[in-house]
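Colleague: I'd like to learn how to read a model like this one. Could you walk me through it, feature by feature?

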Amino acid sequence: MCVMRPQCSSLMRQAEYEEKSLEDGVVAEAGELIEKGETALARPSEVLPGVLHILPLANRPFFPAQIAPIVLDQDPWQRTVEAAIESGQHIIGLVLVRNDEPVQARADDFCHMGTASRIHKVVKVEDKLQIFVEGLQRFRIDEWVSRERPFVVRAQYFPETSYKEVTELKAYTVAVINTIKELLPLNPLYGEELKLFLNRFGPEEPSRLADFAASLTTSSKTELQQVLETVHILDRLEKVLVLLKNEVEVAKAQMHIHKQVEQSIETRQREFFLREQLKAIQKELGIAKDDRTAELERFDARRKDMVLPEEASKRIDEEVQKLSVLELGSPEYAVTRNYLDWLTLLPWGKYSKDNLDLEHARAVLDRDHDGLEDVKQRIVEFLAVGAMKGAVAGSILLLVGPPGVGKTSVGRSVAAALGRQFYRFSLGGMRDEAEIKGHRRTYIGAMPGKFIQAIKQATTANPVIMLDEIDKIGLSFRGDPASALLEVLDPEQNRDFLDHYLDVRFDLSKVLFIATANQLDTIPAPLLDRMEVIRLSGYITSEKIDIARHHLIPRQLLKAGLKRGQLRIDKNAIREIIERYAREAGVRELEKRIGAIARKVVVKMLGGQQPPIRVGVKDLQQYLGKPVFRFERPLTGVGIVTGLAWTPMGGATLDVEATRVHENTRGLKLTGQLGEVMKESAEIAYSYISAHAEEFGASVSFFERAFIHLHVPAGATPKDGPSAGITMATALLSLARGSKPARALAMTGELTLTGQVLPVGGIKEKVIAARRARLSELVLPAANRGDFEDLSEHIRKGLQAHFVSHFGQVVPLVFPTRKA
């Protein structure tokens with residue numbers, strides 16, 4: 001709401017009309033108030049009501065005897081105006097509010113004193129109400145009747161009394177009148193307002209004169225409210241006189257500026273108007289400012305919208321003072337200017353509002369990704385906790401999975417779901433601690449670290465920052481970046497993050513950090529302890545087909561400049577590409593193959609072939625060449641068993657082979673680039689089967705004479721881990737029995753010397769690998785039953801899993817007909 005000054009020509013005409021109405025005693029019908037914009041005039045003898053409806057004023061208070069229109073939004077305040085009119089007296093209370101948004105005003109925001117005013121006219125203008133009011137008396141809010149709109153209070157009034165016997169009044173009154181006279185030649189608008197006042201009151205009414213004089217000034221709303229709240233006439237006149245004197249000084253300063261008088265004006269208000277006039281002259285004439293002045297003003301303008309902590313504000317003041325005295329050509333000037341540029345470009349205290357709508361988050365994740373149902377559910381749960389707390393802060397997520405499964409895009413989708421800015425940088429190969437915490441300003445070319453750069457580019461202090469390839473961070477003589485990350489990724493420490501370049505603490509506690517990795521082994525334990533791990537396994541064929549149709553093909557068509565419908569790849573062709581050209585956990589290679597097809601289609605179209613061009617299974621060799629992978633059933637035979645393994649690229653199947661070399665001496669040879677843990681697993685399997693050969697239907701003398709060679713293809717790939725224990729034991733048993741496994745199955749599990757089968761990791765990746773190899777029967781540790789049952793239904797569909805806790809349970813599954 002704003003109080004409009006009657007000095008505008010249109011409003012002056014309204015005021016003159018109202019004055020004429022007052023003189024002629026024109027009384028309109030109250031029932032036509034809203035429609036015609038008129039109401040009954042005030043009678044001085046009428047008693048003011050004890051209960052008042054009140055309206056908020058944002059810019060300045062309204063004074064008794066003041067007549068002016070006020071403009072306010074219709075929707076929030078029409079009911080208040082109607083209630084005041086329906087009371088019969090048309091009295092409304094006008095009270096200043098402390099904030100600048102009257103629509104959001106609450107009861108506690110109102111000042112405790114205001115002016116009871118009579119409504120003379122109400123006019124609807126679009127979605128606004130223009131109300132012409134006349135101030136009557138001061139009042140104090142004694143009690144709130146309604147603390148919600150429409151606001152209603154009990155009022156205590158302060159009627160003006162006779163001041164004939166107050167001897168000091170004449171001196172104050174004369175001083176006020178003389179000061180007003182000083183204002184008249186400086187601004188002709190004051191003369192128009194004085195005429196309106198003298199038409200209604202005389203100089204012998206000191207209370208009305210004091211209020212009128214205060215309303216003339218352009219003082220702050222706080223100063224004007226103090227005048228309104230001062231009931232004692234002498235104190236009020238004294239305050240008004242001070243405000244008038246200040247107004248005279250301001251008006252004189254304006255006159256000096258207009259006359260272009262170059263002189264020093266000591267008061268702050270004079271300096272303000274001189275600067276503003278100088279800016280206007282320079283802008284009008286196109287006179288360029290010197291670099292120093294332009295930069296100082298730019299830094300000062302940036303500070304106005306910031307919520308600076310005390311430390312940062314003090315540092316900026318010091319650097320601005322330094323910049324103002326340095327020579328433009330000195331190296332220190334450039335260093336200081338760049339430092340101030342960074343300090344004032346950071347979004348101090350600026351935060352974007354989080355969108356914590358879980359349905360919206362689910363919709364964004366489903367739109368951007370096919371499959372990954374368990375990961376989506378985990379992220380929705382994470383956001384649900386943030387919604388319950390009211391903010392998503394102080395969290396560090398770690399997405400672990402093979403390349404190409406969508407870790408980075410999941411992080412981007414989380415940012416989109418929250419409505420936050422997104423910034424990504426890679427930690428792979430980073431060896432310098434200064435990349436994290438910045439360089440000290442003493443070095444040439446110094447700059448802040450990656451995190452402060454991310455905050456600056458995001459323009460908010462709570463973006464989503466993705467730390468890609470955190471498992472590939474380096475270490476050198478320049479420092480340990482992984483250790484430097486400990487401060488950044490600790491919610492208890494990053495609220496006071498200190499960048500070496502800024503040398504001022506910045507709050508990173510509202511930032512959502514999302515890291516990605518292919519494996520956890522290379523991440524330092526203290527760093528891993530600060531992050532919440534979410535695993536992304538590979539995709540099965542059906543999921544890859546959906547991803548290709550919904551995301552990869554449209555993206556590659558766009559890159560190749562093709563329109564939808566010009567290239568059509570059959571569903572069976574997509575399946576063939578997945579199984580024979582892009583057999584991986586992720587979809588990166590699949591997208592490359594689709595891109596290769598799109599490029600060849602563009603060549604054909606430019607050669608004259610008309611679209612649409614359809615690509616079927618038979619056409620793939622024409623576009624992609626011979627298949628990279630051949631469909632190979634797992635090997636079968638005596639001493640051959642299929643195992644399941646986890647790799648950073650996803651799950652894989654391993655055919656463990658065992659054969660007897662000779663019977664000259666007993667022994668065991670291991671090949672296949674096996675790691676130390678896997679070699680120990682092979683030795684445990686050999687010892688266990690040797691000790692229990694007879695129990696499992698093998699000859700006791702077999703292991704006493706045979707030299708056995710155990711090999712794990714492919715030989716060029718390093719392998720390690722204990723999960724192949726039962727696989728190697730079964731291969732040795734098959735060799736000793738001289739019989740191959742009765743049916744095709746795959747197995748995984750760690751074996752102990754007593755035959756116990758212990759749980760292993762990577763169950764989802766291994767199950768997906770079994771599906772890819774078309775193995776429908778699995779042997780898993782009993783302790784991993786929960787991991788298997790947690791898998792999505794479409795992954796488990798068609799698979800039969802046998803859960804074993806002892807190797808004795810494996811034997812009847814592989815060799816159903818045991819020898820006695």
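Predicted model: local features only at pLDDT ≥ 70, side-chain atom pairs only at ≥ 80, totals over all residues.

Colleague: Now salt bridges. What has to be there before you call one?

Modeller: The idea is a side-chain nitrogen of Lys or Arg within 4 Å of a carboxyl oxygen of Asp or Glu. By this rule the chain has 27 salt bridges. Take Arg147 and Asp108, whose side chains meet at 2.7 Å, N to O.

Colleague: Why does that pair tie together separate parts of the sequence?

Modeller: Look at where the two residues lie. Arg147 is in the loop between strand E6 (128-146) and strand E7 (152-158), while Asp108 is in the loop between strand E4 (91-96) and strand E5 (113-125), so the bridge ties parts that are 39 residues apart in sequence.

Colleague: Are these two residues buried or exposed?

Modeller: Arg147 is partly exposed, at a relative accessible area of 42%. Asp108 is exposed, at 56%.

Colleague: Which residues make a salt bridge with the closest N and O atoms 3.3 Å apart?

Modeller: That's Asp471 and Lys472. For burial, the general idea is that under 20% relative accessible area means buried. Asp471 has 6%, so it's buried. Lys472, at 38% relative accessibility, counts as partly exposed.

Colleague: Let's follow one residue all the way through. Where does Arg614 lie?

Modeller: Arg614 is in strand E16. It forms a salt bridge with Asp570, with the closest N and O atoms 3.2 Å apart. Asp570 is in the loop between strand E15 (567-569) and helix H21 (571-580), so this pair ties together parts that are 44 residues apart in sequence. At 26% relative accessibility, Asp570 counts as partly exposed.

Colleague: What else is Arg614 in contact with, leaving aside its neighbours within four places in sequence?

Modeller: Besides Asp570, Arg614 is in contact with Arg568 and Asp619.

Colleague: On to rings. What makes an aromatic pair edge-to-face?

Modeller: You look at the angle between the planes, and over 60 degrees counts as edge-to-face. A search of the whole structure finds 16 aromatic pairs. One of them is Phe788 with Phe803, edge-to-face at 5.8 Å centre to centre and 70° between the planes. Phe788 is in helix H28 (residues 785-789) and Phe803 in strand E25 (residues 800-804), 15 residues apart. Both are buried.

Colleague: Which residues form an aromatic cluster?

Modeller: Trp77, Phe110, Trp144 and Phe151 form one.

Colleague: And where does a charge sit over a ring?

Modeller: The charged end of Lys456 sits over the ring of Trp342, 4.1 Å from its centre. Arg737 lies over the face of Phe815, at 4.5 Å from the ring centre.

Colleague: Last topic: buried residues. What surrounds Thr179?

Modeller: Thr179 is in helix H4 (residues 169-183) and is buried, with a relative accessible area of 1%. Beyond its neighbours within four places in sequence, Thr179 is in contact with Leu241, Leu244, Lys245 and Val248. A polar atom of its side chain lies 2.7 Å from the backbone oxygen of Ala175.

Colleague: And where is Leu372 found?

Modeller: Leu372 is in the loop between helix H13 (358-368) and helix H14 (373-389). At 4% relative accessibility, Leu372 counts as buried. Its contacts beyond four places in sequence include Val405, Val410, Leu536 and Tyr539.

Terms used: Residues numbered from 1 in each chain as written. Heavy atoms only, no water. Phe/Tyr/Trp six-rings, centres within 6.5 Å; stacked < 30°, edge-to-face > 60°. Helix = DSSP H or I, 4+ residues; strand = E, 2+ residues; numbered from the N terminus. Buried < 20%, exposed > 50% of the residue type's maximum accessible area, 1.4 Å probe, protein only. Lys NZ or Arg CZ within 6 Å of the ring centre and 35° of its normal. Polar contact = N/O pair within 3.5 Å; in protein donor to acceptor, adjacent residues only side chain to side chain. Contact = heavy atoms within 4.5 Å.
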